[in-house]
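User: I would like to learn how to read a protein model feature by feature. Please give me the general idea each time, then the case at hand.

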Amino acid sequence: HGDTGGMYYLGLYILGIVVANLSSIIKHRDNPSYNALGASGATSALVFSYIVLDPWAKSIGIFIIPPGIIPNIGFGALYLAYCVYMARNAQDNIGHETHFYGALWGAFFMFATQPGLLRVFINKLVFNLFS
C-alpha cells in the first residue's frame, strides 16, 4: 500500500517542474545566457490540480483578487489568459509560459491519474452553471 497520496503529489510536482519548463528550454536552447529554470510551473500545477477538484469554491486568490471573490474556475481562466498575454507582451524575466504549461499539466495529471475525474469535473461545471 504505502503512501500513494505522497507519491501522486511528488509525481505531480516533480513532473510539473519538467513539463512546465520544457517549452522554455526548447525555445531558448541556443541562448547560453538563459537560465530561468525553477519550480513556479510546478506551483501552478498544484493550484490547477485543486481547481479540477473544486472548481466552484471561492478559495483561490491573489493580491488584487482575494479569495472569496470569484470561483476557482474563474480564477483559473483569468490566470491562463494573463499567462498567455504576458508571455506574448512582457519584457520581464518571469516564465509566463512556464506558469501556463504548469497549470495545464496540473489539470492533465489529475485527469490522467484518476479515471472518471474528467466526467466529474464536467458535471460540476455544467450542474453549477444551470442551477
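User: What should I know about the model before reading any value?

Analyst: This is a predicted model, in which local features need pLDDT of at least 70 and side-chain atom pairs count only at pLDDT 80 or more, while totals for chains, interfaces and linings use all residues. Residues are numbered from 1 along each chain as its sequence is written, and side-chain values use heavy atoms, with hydrogens and water left out.

User: How many helices and strands does the protein have?

Analyst: Start with the rule. Helices (H or I, at least four residues) and strands (E, at least two) are DSSP runs, numbered from the N terminus. Here the count is 5 helices and 0 strands. Along the sequence the pattern reads α-α-α-α-α.

User: What box do the C-alpha atoms fill?

Analyst: Taken along the principal axes, the box is roughly 50 × 40 × 20 Å.

User: How do I read surface and burial, and what share of the residues is buried?

Analyst: Accessible areas come from the Shrake-Rupley method with a 1.4 Å probe; for residues, only the protein chains shown count as cover. Buried means under 20% relative accessible area, exposed over 50%, and partly exposed in between. Of the 131 residues in the protein, 28% are buried. The accessible surface comes to about 8400 Å². Carbon and sulfur atoms hold 67% of that surface.

User: How far apart are the mean positions of the positive and negative charges?

Analyst: Lys and Arg count as positive, Asp and Glu as negative; His and the chain ends are not counted. Each charge is placed at NZ of Lys, CZ of Arg, CG of Asp or CD of Glu. The protein has 6 positive and 5 negative charges, and their mean positions are 10 Å apart.

User: Now the cores. Which residues form the largest nonpolar core?

Analyst: In soluble globular proteins, nonpolar side chains tend to be buried together. A nonpolar core is a set of buried Ala, Val, Leu, Ile, Met, Phe, Trp, Tyr and Cys residues joined through side-chain atoms within 4.5 Å. The largest one has 10 residues: Leu 12, Ala 45, Val 52, Trp 105, Ala 107, Phe 109, Met 110, Leu 117, Phe 121 and Leu 125. The largest share, 4 residues, comes from α4. A second, separate core of 7 residues includes Ile 51, Ile 60, Phe 75 and Ala 103.

User: Which residues does Ile 51 contact, leaving aside neighbours within four places in sequence?

Analyst: Ile 51 lies in helix α2 (residues 40–53) and is buried at 3% relative accessibility. Its contacts beyond those neighbours are Ile 60, Asn 72, Ile 73, Gly 76 and Phe 121. With the same exclusion, Phe 121 contacts Ile 51, Val 52, Pro 55, Ile 73 and Phe 111.

User: And where is Leu 125?

Analyst: Leu 125 is in helix α5. Not counting residues up to four places away, Leu 125 touches Pro 55, Trp 56 and Ile 73.

User: Is Tyr 8 buried or partly exposed?

Analyst: Tyr 8, in helix α1, counts as partly exposed because its relative accessibility is 41%. Outside four places in sequence, Tyr 8 contacts Phe 109 and Thr 113. Tyr 8 and Phe 109 are 101 residues apart along the chain, yet their C-alpha atoms are separated by 9.2 Å.

User: Which side chain does His 96 join in a polar contact?

Analyst: The partner is Asp 92, at 3.2 Å between side chains. His 96 lies in helix α4 and is buried, with a relative accessible area of 5%. Beyond four places in sequence, His 96 contacts Tyr 82, Cys 83, Met 86, Ala 87 and Ala 90.

Terms used
Buried < 20%, exposed > 50% of the residue type's maximum accessible area, 1.4 Å probe, protein only. Contact = heavy atoms within 4.5 Å. Polar contact = N/O pair within 3.5 Å; in protein donor to acceptor, adjacent residues only side chain to side chain.
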